[in-house]
Amino acid sequence: MAPPSADAIVVGHGLAGLVATHELVEAGRRVLLLDQEGPVDFGGQAYWSFGGLFMVDTPEQRMCGIRDSRDLAWQDWLGSAQFSEGDDDHWPRQWAAHYVDFAAGEKRRWLRGLGWRAFPLPGWPERGGHGALGSGNSVPRFHITWGTGPGVVAPFERRVRAGADKGAAELRFRHQVDELIVEDGAAVGVRGTL
């Protein structure tokens, strides 16, 4: 039997894998989604989580009188990350800056467009205890999803399963990925065990 072929292979059906698969299918790509667990574990740890999402300067925060901004969130992030000034932290710093921009910009609008809803009271799981320049968040930014973890997973699971129904995504459970196949410096496939 010939191995399956796809435009992209996503390893892991946790939240990141479901989001990646959803985005690829939306972009018209054929996706192979692999996970070592079974279908009952769709969504991975996110399914079992409290369902909180980091967002900045939201209507929920403003309704509670929480004054937040992209600059304050970035200051808090830098206080926790303690990036080095050398090249070792160049890409992590770039990723973090883009993520804070996303969390302060389109993230909430994008999620709401997918059907996501939050409790109207932001939480504070990583509260900074060392002043404004210490580690952690200086204001509450943890937006609890209505339905907790299952509510975070549901919009993406629906879309991934719909993609599978129309042949744009193939879901393979109990497929463990052990190795990336690299040719000429590019990943071109995976090897694993059933």
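Ala104 lies in helix 5 (residues 90–104). Helices here are DSSP runs of H or I with at least four residues, strands are runs of E with at least two, and both are numbered from the N terminus. The model is predicted, so local features need pLDDT of at least 70 and side-chain atom pairs count only at pLDDT 80 or more, while totals for chains, interfaces and linings use all residues. Residues are numbered from 1 along each chain as its sequence is written, and side-chain values use heavy atoms, with hydrogens and water left out.

Ala104 touches Val56 and Arg70, leaving aside residues up to four places away in sequence. Contact means heavy atoms within 4.5 Å. Now look toward Thr193. Ala104 and Thr193 are 89 residues apart in sequence, and their C-alpha atoms are 41 Å apart in space.

Helix 5 has a partner, helix 4 (residues 70–81). Their axes come within 10 Å and cross at roughly 145 degrees. Axes are lines fitted to C-alpha atoms, for helices over the stretch in contact, and angles run from 0 to 180 degrees between N-to-C directions. The crossing of helix 4 and helix 5 is right-handed. A crossing is right-handed if the near helix is turned clockwise from the far one by less than a right angle, and left-handed if anticlockwise. Helix 4 brings Arg70, Ala73, Trp74, Trp77 and Leu78 to the contact. Helix 5 answers with Arg93, Trp95, Ala96, Ala97, Tyr99, Val100, Asp101 and Ala104. By class, this contact has ten nonpolar, no polar and three charged residues. Ala, Val, Leu, Ile, Met, Phe, Trp, Tyr, Cys and Pro count as nonpolar, Asp, Glu, Lys and Arg as charged, and the others, Gly among them, as polar.

Step back to the whole chain. It has seven helices and seven strands. Along the sequence they follow the pattern β-α-β-α-β-α-α-α-α-β-α-β-β-β. The C-alpha trace spans about 60 × 40 × 25 Å along its principal axes. Of the 194 residues, 35% count as buried. Among contacts between residues at least 6 apart in sequence, 63% join residues at least 24 apart.

Next comes a sheet. Strands of a sheet pair through backbone hydrogen bonds, either parallel or antiparallel. Here, three strands form an open sheet in the order 1-2-5, with parallel pairing. Two strands pair if DSSP finds at least two bridges between them. The edge strands are strand 1 (8–11) and strand 5 (169–172), each pairing on one side only. From one strand to the next, the twist averages 20 degrees. Strand 2 (residues 31–34) and strand 5 are joined by four bridges.

Helix 1 (residues 15–26) lies across strand 1, strand 2 and strand 5, and runs at about 170 degrees to strand 2. Helix 7 (residues 148–165) touches strand 2 and strand 5, and its direction makes about 105 degrees with that of strand 5. How do helix 1 and helix 7 cross? Their axes come within 9 Å, at roughly 45 degrees. Helix 1 and helix 7 are therefore oblique to each other. Angles under 35 degrees count as roughly parallel, over 145 as roughly antiparallel, 65 to 115 as roughly perpendicular and the rest as oblique. The crossing of helix 1 and helix 7 is left-handed. Among the residues in contact are Leu15 and Leu18 of helix 1 and Val152 and Phe156 of helix 7.

Strand 6 (176–183) and strand 7 (186–193) run antiparallel, joined by seven bridges. Val177 has Gly192 in strand 7 as its bridge partner. Two residues sit between the strands of the hairpin, where Asp184 takes a positive phi near 50 degrees. Most residues other than glycine have a negative phi. Asp184 counts as exposed because its relative accessibility is 86%. Arg174, in the loop between strand 5 and strand 6, also has a positive phi, near 60 degrees.

How values were computed. Buried < 20%, exposed > 50% of the residue type's maximum accessible area, 1.4 Å probe, protein only.
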